[in-house]
Amino acid sequence: MKYMTEEFINKNMMGPSSVIIADELTKNLDLKKGMKILDLGCGMGLTSIFMAKKYNVQVFAVDLWISATDNFNRFKEMGVDDLVIPIHSDALNMPFSENYFDAVISVDSYHYFGNNDTYFKDTLKPLLKKDAIIALAFPGMKYEVHKNIPEEMKPYWEEEALSMWHSIEWWKPKFSKHIKNLEINEMKCFEKAWLKWLNTDNPYAISDREMIATDNGKYMNLISIKGFNI
Ligand SMILES: C[S@@+](CC[C@H](N)C(=O)[O-])C[C@H]1O[C@@H](n2cnc3c(N)ncnc32)[C@H](O)[C@@H]1O
């Protein structure tokens with residue numbers, strides 16, 4: 001990865017490689033210098049660094065669990081502190097003006113707070129300019145498994161995680177009235193992004209190895225939501 005060292009990426013991953021996911025998610029988007037991008041639930045800021053370096057955009061890097069100071073230090077280390085602004089905030093109550101952002105990008109975090117009928121339209125949408133680019137990627141399911149959980153997955157899927165993982169059909173109505181040119185797809189990078197994470201020595205990655213081996217491509221996926229604000 002030309003934008004960050006492998007060592008830096010491995011140290012700061014919090015799940016399946018956010019940089020690999022962001023690379024696929026943003027590939028055909030018209031992200032340009034001068035745009036204001038909301039990186040929603042940016043974690044340790046890998047996707048914010050990636051977007052600042054690749055597209056030369058201004059990134060507002062919002063996260064709840066990770067402090068703004070820790071992320072500021074990472075942005076300085078990577079030389080993007082002039083372009084990326086670290087913000088410690090709950091996605092449910094962000095300190096921004098309405099009609100502010102040219103784009104929102106979110107990798108592996110939207111499902112924590114956006115898995116309901118109101119978050120997009122009432123909380124996120126007002127902060128976006130008309131026609132702003134929307135690109136969200138998060139873990140999901142090939143179909144709704146909740147009423148009939150496969151026996152072999154029961155030891156690995158925690159109830160809380162499962163309550164946030166849904167199918168494309170489940171997500172679609174949350175966006176269809178509010179996003180134009182809506183595209184909802186299964187992402188191609190599932191295997192590559194997971195493999196990179198599972199090969200780290202992060203204790204969460206180690207405990208995920210058996211889950212992904214048992215799933216073996218049957219149930220879990222990565223979903224992308226793309227389009228433009230109406
Ligand atoms: C699995 S981590 C992924 C982080 C990063 N996007 C990545 O892919 O490496 C999930 C992130 O969602 C963020 N998150 C969860 N709930 C949130 C909320 N209510 N507001 C803001 N961020 C939230 C957490 O702070 C955490 O960093």
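Asp23 counts as partly exposed, at 21% relative accessibility, where partly exposed denotes the range between buried, under 20% relative accessible area, and exposed, over 50% (1.4 Å probe, protein chains only). The model is predicted, with local features requiring pLDDT of at least 70 and side-chain atom pairs counted only at pLDDT 80 or more, whereas totals for chains, interfaces and linings use all residues. Residues are numbered from 1 along each chain as its sequence is written, and side-chain values rest on heavy atoms, with hydrogens and water left out.

Side chains of opposite charge can pair when their charged atoms come close. Asp23 takes part in a salt bridge with Lys54, with 3.4 Å between the closest N and O atoms, a salt bridge being a side-chain nitrogen of Lys or Arg within 4 Å of a carboxyl oxygen of Asp or Glu. This pair joins distant parts of the chain, since Asp23 belongs to helix α2 (residues 18–26) and Lys54 to helix α3, 31 residues apart; helices (H or I, at least four residues) and strands (E, at least two) are DSSP runs numbered from the N terminus. Lys54 is likewise partly exposed, at 30% relative accessibility, and a network of salt bridges links Asp23, Lys27 and Lys54.

In total, the structure holds 12 salt bridges. In another of these, the side chains of Lys129 and Asp102 meet at 2.8 Å, N to O. Lys129 lies in strand β5 (residues 128–141) and Asp102 in strand β4 (residues 101–107), so that parts 27 residues apart in sequence are tied together by the pair. Of the two partners, Lys129 counts as partly exposed at 29% relative accessibility, while Asp102, at 17%, counts as buried. Glu152 and Lys218 also form a salt bridge, their closest N and O atoms being 3.7 Å apart. Here the pair ties together parts that are 66 residues apart in sequence, because Glu152 lies in the loop between β5 and α7 and Lys218 in the loop between α10 and β7 (220–229). Glu152 is partly exposed at 33% relative accessibility, and Lys218 is partly exposed with a relative accessible area of 36%.

In soluble globular proteins, nonpolar side chains tend to be buried together. The largest nonpolar core comprises 56 residues, of which Met4, Leu31, Trp157, Trp165 and Met220 touch the most other members; such a core is a set of buried Ala, Val, Leu, Ile, Met, Phe, Trp, Tyr and Cys residues joined through side-chain atoms within 4.5 Å. The greatest contribution to this core comes from α3, with 6 residues. Apart from this core lies another of 28 residues, including Phe113, Phe138, Phe175 and Ile225. When neighbours within four places in sequence are left aside, Trp157 is in contact with, among others, Met141, Leu162, Trp165, Met211, Tyr219 and Met220, contact meaning heavy atoms within 4.5 Å. Ile212, a residue of helix α10, counts as buried at 15% relative accessibility and, not counting residues up to four places away in sequence, touches Phe190, Trp194, Leu198 and Met220.

Rolling a probe the size of a water molecule over the atoms shows where empty space is left. On a 1 Å grid over the protein atoms alone, a cavity is a set of points where a 1.4 Å probe fits but cannot get out, and a pocket is an open set with protein on both sides within 12 Å along at least five of seven lines, lining residues having an atom within 4 Å of a point. Grid points are joined across faces, edges and corners, and a volume is the space filled by probe spheres set on the points.

The largest pocket has a volume of about 1200 Å³, and of the 43 residues that line this pocket, Met14, Gly15, Trp65, Asp108 and Tyr112 are the closest to its centre. Among the elements that give two or more residues to the lining are α1 (6–12), α3 (46–55) and β2 (58–63), while α10 gives the most, with 4 residues. By class, the lining of the largest pocket has 23 nonpolar, 12 polar and 8 charged residues, where Ala, Val, Leu, Ile, Met, Phe, Trp, Tyr, Cys and Pro count as nonpolar, Asp, Glu, Lys and Arg as charged, and the others, Gly among them, as polar.

The count of cavities of 30 Å³ or more comes to 1, and the largest cavity has a volume of about 40 Å³. The residues lining the largest cavity include Pro16, Trp165, Phe190, Trp194 and Met220. At least two lining residues are supplied by each of β5, α9 and β7, with β7 providing the largest share, 3 residues. The lining of the largest cavity has 7 nonpolar, 2 polar and no charged residues.
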